[in-house]
Amino acid sequence: MKIFVTGVGGQLGYDVMNELKKRGIEGVGSDIAPENANFENYIPLDITDAAACEKVMAEVRPDAVIHCAAWTAVDLAEDCPDKVRAINADGTAHIAEAAAKVGAKVMYISTDYIFDGQGETPWQPDCEDYKPLNVYGQTKLEGELAVKKATDRHFIVRIAWVFGQNGKNFVRTMLALSEKYDTLRVVCDQIGTPTYTFDLARLLADMIVTEKFGTYHATNEGGYISWHEFAVAIFEAAGKQMTVNPVTTAEYGLSKAARPFNSRLDKSKLVENGFTPLPHWKDALERYLKQM
């Protein structure tokens, strides 16, 4: 089996490529920058170029595509919506349409940000009451719709609160801040569950070899927590003495893009379809810190 992976310069794409290699599956990686060519099989690709996507897909002729490439800078997205849409929506359409032409199934990595984050009930994978609050969420939703339009042979996997070895994330930010300050303010009214890309890559590899198409939610297990609780756990696991004061989103007041308060994702569909859930987020955090 041959799998084409976009965004291998990022946290998830990097781990997906390594997971495929461990399994003896041929992975062909791509990213916009040649300097991200850390893999044996790598093709530079600008996903905003439809003709380039079609050309590369026709040359590679993969059995499946795992589309990890995305604009993920949420606040910055508010300043350049057209650029973000070109990547998250149009770029996704280019990849999905090119994949469909060569008969490849498509896995698209989406986000909890497609929902408005109201209430306290976990979001179901097949819920269509989207209402994204910001440019990032809106363009990722448009990407979902583009994949659904391009092919029925698709997986849409929504994730949240991502951290991994190959990039910036909340864990790294907290640890960096702890080198400068002994007291931090972290929001306590946004609720969700972290996702470790190393664990997620295993699940995606399990899924992509099947025909169990549809929309899924995937984060680590361990229930729902706030960013404040996650920060406290990070410092405890890292053995750092820090004072972490809980504040509301309104009190924090620094974000340009609106964030969802309720990022609880119901993951029961994974088990219903025979997939093994991700480990507890605390276990994932401890393994991540050891690898760092």
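These legends describe close-up views of one predicted model. Residues are numbered from 1 along each chain as its sequence is written, and side-chain values use heavy atoms, with hydrogens and water left out. In this predicted model, local features need pLDDT of at least 70 and side-chain atom pairs count only at pLDDT 80 or more, while totals for chains, interfaces and linings use all residues.

**View 1. Phe163 and Tyr196 form a stacked aromatic pair.**
The whole structure holds 15 aromatic pairs. Rings of Phe, Tyr and Trp (its six-membered ring) pair if their centres lie within 6.5 Å; planes under 30 degrees apart count as stacked, over 60 as edge-to-face and the rest as tilted. Phe163 and Tyr196 are 5.1 Å apart, centre to centre, with 0° between the planes. Phe163 lies in strand S7 (residues 162–163) and Tyr196 in strand S10 (residues 195–196), so the pair ties together parts that are 33 residues apart in sequence. Strands (E, at least two residues) and helices (H or I, at least four) are DSSP runs, numbered from the N terminus. Phe163 is buried at 1% relative accessibility. Tyr196 is buried too, with a relative accessible area of 1%. Buried means under 20% relative accessible area, exposed over 50%, and partly exposed in between (1.4 Å probe, protein chains only).

**View 2. Phe170 and Phe230 form another stacked pair.**
Their ring centres are 5.6 Å apart, with 20° between the planes. Phe170 lies in helix H6 (residues 170–178) and Phe230 in helix H8 (residues 227–238), so this pair ties together parts that are 60 residues apart in sequence. Both Phe170 and Phe230 are buried. Ring pairs link a cluster that includes Phe163, Phe170, Tyr196 and Phe230. Trp161, Phe198, Trp227, Trp281 and Tyr288 also belong to the cluster.

**View 3. Lysines sit over the rings of Phe275 and Tyr216.**
The charged end of Lys212 is 5.4 Å from the centre of the Phe275 ring. Lys269 lies over the face of Tyr216, at 5.0 Å from the ring centre. A charge sits over a ring if NZ of Lys or CZ of Arg is within 6 Å of the ring centre and within 35 degrees of the ring normal.

**View 4. Glu19 and Lys22 form a salt bridge.**
A salt bridge is a side-chain nitrogen of Lys or Arg within 4 Å of a carboxyl oxygen of Asp or Glu. The structure holds 17 of them. The closest N and O atoms of Glu19 and Lys22 are 3.2 Å apart. Both residues lie in helix H1, three residues apart, about one turn of the helix. Glu19 is buried, at 8% relative accessibility. Lys22 is exposed, at 56%. Salt bridges link Glu19, Lys22, Arg23, Arg202 and Asp206 in a network.

**View 5. Salt bridges join Arg259 to Asp75 and Glu142 to Arg85.**
Arg259 and Asp75 meet at 2.6 Å, N to O. Arg259 lies in the loop between helix H9 (249–252) and helix H10 (268–272) and Asp75 in helix H3 (residues 74–77), so the pair ties together parts that are 184 residues apart in sequence. Asp75 is partly exposed, at 26% relative accessible area. The closest N and O atoms of Glu142 and Arg85 are 2.7 Å apart. Glu142 lies in helix H5 (residues 135–150) and Arg85 in helix H4 (residues 81–101), so this pair ties together parts that are 57 residues apart in sequence. Glu142 is partly exposed at 21%, and Arg85 is partly exposed at 27%.
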